Amino acid sequence: MNGKLTATFVKNIKQPGSYSDKTGTGLRLRVKPDGRKNWIQRFTINGKLREAGLGAPPVVTLAMAREQALLNKRMAYEGKDPIEERRNRKPGLTFAEAIERYLAHKLAEFRNEKHRKQWRATLDSYATPIIGARDVETLTLNDMLAVLQPIWTTKTETASRLRQRIEAVLSWAAVAGYRIEANPARWKGNLSEVLPKPSKVATKHHQAAVNLSDAPAFWQRLCGMDGMSALALRFLCLTAARSGEVRGMRWDELDLDKRLWIIPAERMKAGREHRVTLSDPALGLLETLPRLLKNDLVFFSPKGGPLSDMALSSVMRRMDEAALKAGAPRFLDPQSGRPAVPHGLRSTFRDWAAEQGYDHIIAELALAHHVGSTVERAYRRSDLVERRRDMMANWATFLGA
């Protein structure tokens, strides 16, 4: 072979021999008479020729071998012996321990508590049971596949985030001196060679929404549900807010004189403050709520803490189960046929606003969505809150509130 090695050449070559990658790192592919292949690297340390094994294809791809060879070359340039560095590396660290140490440094950077919990929960649910007890130095591409393949096509978005988080933990482990080999969770030139692109396999499911014509009936039935979670869901309907925004709502965010709920930036998905106009029914609902001493939460659990992630969803699930039992009409998404969920109520509101002819900018601002290009947003400095008041009042009237 005259030039650099290619992935096709590495896969198909059967002739025994030693084939140079010709990248200046000393990387070679060795093919044995029995057909077995392995990567080797030759470099000079203090005038002595050294040879290191870098694994074997297809587990170690050409891209991975090149990356490791480059790392070794840099060590050699600094006067270090990569082989000795591997032998003298820090005592073993399990992947579970690496998660703990990585998060100890990184958790403070996450914007909100929910993100912190999700970051950790993804690893605990899918990675730790399989590779948690393994030394980070021993983890390979096959280990990554054992973690990712079972959910890659069924929970693609979760799997993609999981891969990124594993890569981050192992990158920290390498920098901290617990791992020398190339990162097996890397996508480009690595997992991209053996897993389909997420965009090719991901199935996007829109949140199931209440059909617009069924919204008043849904509201009437919801008003017959008891409990703090049901009240929170009613408030969500009236404001078209997200579940997390409602569950985390605090009394000091309310300006009742101005009929506004001002959600601080740190609690918003887009990371910017959002003002929500309060209709008469929304204000009336707030006036019925009890307040806890030393607790500023508007909606709270029986023990006084915040409502759980599933609290509002459970109300809609109970409504659906009751409808099934009684033979009453169910509130199903008109496209998918699935039972409606809290987030889908925002879609119902958006359909209503469009049917009523409201300007799409006003409707999108009510949902705290980005509207228009960066330039357009720069020139539109107002959130048009006063123009949104009538819209939200009419929405409440439509529901029958």
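1. Aromatic pairs. In this predicted model, a search of the whole structure finds 13 aromatic pairs. One of them joins Trp 152 and Trp 187. Their ring centres lie 5.7 Å apart, and the planes make 20 degrees with each other. That pair is stacked, because planes under 30 degrees apart count as such.

2. Where the two tryptophans sit. Trp 152 belongs to helix α6, residues 141-152. Trp 187 lies in the loop between α7 (156-175) and α8 (198-201). The two are 35 residues apart, so the pair links distant parts of the chain.

3. The hairpin. Strands β1 (residues 17-20) and β2 (residues 27-31) run antiparallel and are joined by 4 bridges. Together they form a hairpin, with 6 residues between them. Tyr 19 stands opposite Leu 29 in β2. In the turn, look at Lys 22: its phi is positive, at about 55 degrees.

4. Helices α9 and α10. Two packed helices are described by the angle between their axes and the distance between the axes. For α9 (residues 215-222) and α10 (residues 228-239), the angle is about 155 degrees and the axes are 10 Å apart. Angles over 145 degrees count as roughly antiparallel, and α9 and α10 are therefore roughly antiparallel to each other. The crossing of α9 past α10 is left-handed.

5. From α9 come Phe 218, Trp 219 and Leu 222. They meet Ala 230, Leu 233, Arg 234, Cys 237 and Leu 238 in α10. By class, the contact residues are 7 nonpolar, 1 charged and no polar.

6. Strands of a sheet pair through backbone hydrogen bonds, either parallel or antiparallel. Here 3 strands make an open sheet in the order β5-β6-β7, and the pairing is antiparallel. β5 (254-255) and β7 (274-277) stand at the edges. Each has a single partner strand, so one side of each is left without a neighbour in the sheet.

7. β5 and β6 (residues 260-263) run antiparallel, joined by 2 bridges. Asp 255 has Leu 260 in β6 as its bridge partner. Helix α17, residues 385-399, packs on this sheet and touches β6 and β7. The direction of α17 makes about 40 degrees with that of β7.

Terms used: Residues are numbered from 1 along each chain as its sequence is written. This is a predicted model: local features need pLDDT of at least 70, side-chain atom pairs count only at pLDDT 80 or more; totals for chains, interfaces and linings use all residues. Side-chain values use heavy atoms; hydrogens and water are left out. Axes are lines fitted to C-alpha atoms, for helices over the stretch in contact, and angles run from 0 to 180 degrees between N-to-C directions. Angles under 35 degrees count as roughly parallel, over 145 as roughly antiparallel, 65 to 115 as roughly perpendicular and the rest as oblique. A crossing is left-handed if the near helix is turned anticlockwise from the far one by less than a right angle, and right-handed if clockwise. Contact means heavy atoms within 4.5 Å. Ala, Val, Leu, Ile, Met, Phe, Trp, Tyr, Cys and Pro count as nonpolar, Asp, Glu, Lys and Arg as charged, and the others, Gly among them, as polar. Two strands pair if DSSP finds at least two bridges between them. Rings of Phe, Tyr and Trp (its six-membered ring) pair if their centres lie within 6.5 Å; planes under 30 degrees apart count as stacked, over 60 as edge-to-face and the rest as tilted.
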